[in-house]
Amino acid sequence: MIDTNNAFLSDDSKAILLICSDIVVKYVKNVDLKPLTVAEWNKISKKLLDSAMKSPKAFFDTTVDDWRDHLDISQDEAERIENLLKQSAYLGFELERLANMGIWVTTRAEKTYPTALKSKLKYKSPVVLYCSGNPDLFEEEGIAIVGSRNVDEDGMNFAQVVARKCANERLTVISGGAKGVDTIAQMAALSSGGTVISVLADSMEKVVRKRELRDAIIENKLLIVSPFNPESTFKIYNAMDRNKYIYALSKAAIVVSSDYGKGGTWSGATENLKNGWVPLYVRNGSNVPQGNLELIKKGAITLDENMVYDEMRKLTDILVDGKSKDPEQIRLFDF
């Protein structure tokens, strides 16, 4: 297994954490610390690679004047970075605190960072990720199972069946860890001996303390991931932002139930259709929500629930054999 010890993070990652994350902000009083956003860091990182500084760790050995000269940034921007880097003494404390809870940190500069996020999202990929569990799961074939919080019984049953098929076929279930379809699919996969990547929008520290999840983490069956501070509380824009990471980590996505024109499931599914990150399959049958039918009209691939319920059919065969306007789009697996 890849080493995930926070104590051995590279200097590049330490610089990135100080500049782009808020994990040390709570230690600082009377200083207005505002970490760089992904977009702001992207602009600087491009200049950094083309400059004499070359990599983030150079910030530790250079001055404000050097940054202005090499990166063509303003005095205010340089002083902002300087103030963030001054908090380096607190970084070790926080990384150790997180490690004691089983939370490890990765950045775009680390080998533990999932390649799927970089390859599909490119500069939209998060700069920092907080994780708990087996990093090897990032490299496994995964299916995203998404859907509404307020799912009906038909949707619940379908999510469980799909998750169990994933477990039986050694496909990792990728979910958002929220109530409803996400949690139903996640627990069905784990109870069937499968593996799960759960991408959280908030409250990671609370989630990793849950006994049933701790056991799965220890058994290398569960990897919990979040681009947000492990202490963060729920924010709707974080939940919406998290959706693209669920899709990007998967080989294909299955929508169990979606509202029409609103909600996180609809937003994430339409964003994926627009960007073409992964093939999108949507449950269709006798009692599906209107949102499912509208997603199919928008170009999602119909997933007949009767095919999924057929115990003799493998999920991988169903997805490969599914009907699509673009047959090449659904050649998901190369066995």
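Colleague: What is the handedness of the crossing of α3 and α4?

Modeller: A crossing is left-handed if the near helix is turned anticlockwise from the far one by less than a right angle, and right-handed if clockwise. Here α3 and α4 cross in the right-handed sense. This is a predicted model, where local features need pLDDT of at least 70 and side-chain atom pairs pLDDT 80 or more, while totals for chains, interfaces and linings use all residues. Residues are numbered from 1 along each chain as its sequence is written, and side-chain values use heavy atoms, without hydrogens and water.

Colleague: Which residues of α3 and α4 make the contact?

Modeller: Contact means heavy atoms within 4.5 Å. Helix α3 contributes Val64, Trp67 and Arg68, and α4 contributes Gln75, Ala78, Ile81, Glu82 and Leu85.

Colleague: At what angle do the axes of α3 and α4 cross?

Modeller: Axes are lines fitted to C-alpha atoms, for helices over the stretch in contact, and angles run from 0 to 180 degrees between N-to-C directions. The axes of α3 (residues 64-71) and α4 (residues 75-85) cross at roughly 130° and come within 9 Å. Angles under 35 degrees count as roughly parallel, over 145 as roughly antiparallel, 65 to 115 as roughly perpendicular and the rest as oblique; α3 and α4 are therefore oblique.

Colleague: What share of the residues in the protein is buried?

Modeller: Buried means under 20% relative accessible area, with a 1.4 Å probe and protein chains only. Of the 335 residues, 53% are buried. The C-alpha trace spans about 65 × 40 × 35 Å along its principal axes.

Conventions. Helix = DSSP H or I, 4+ residues; strand = E, 2+ residues; numbered from the N terminus. Buried < 20%, exposed > 50% of the residue type's maximum accessible area, 1.4 Å probe, protein only.
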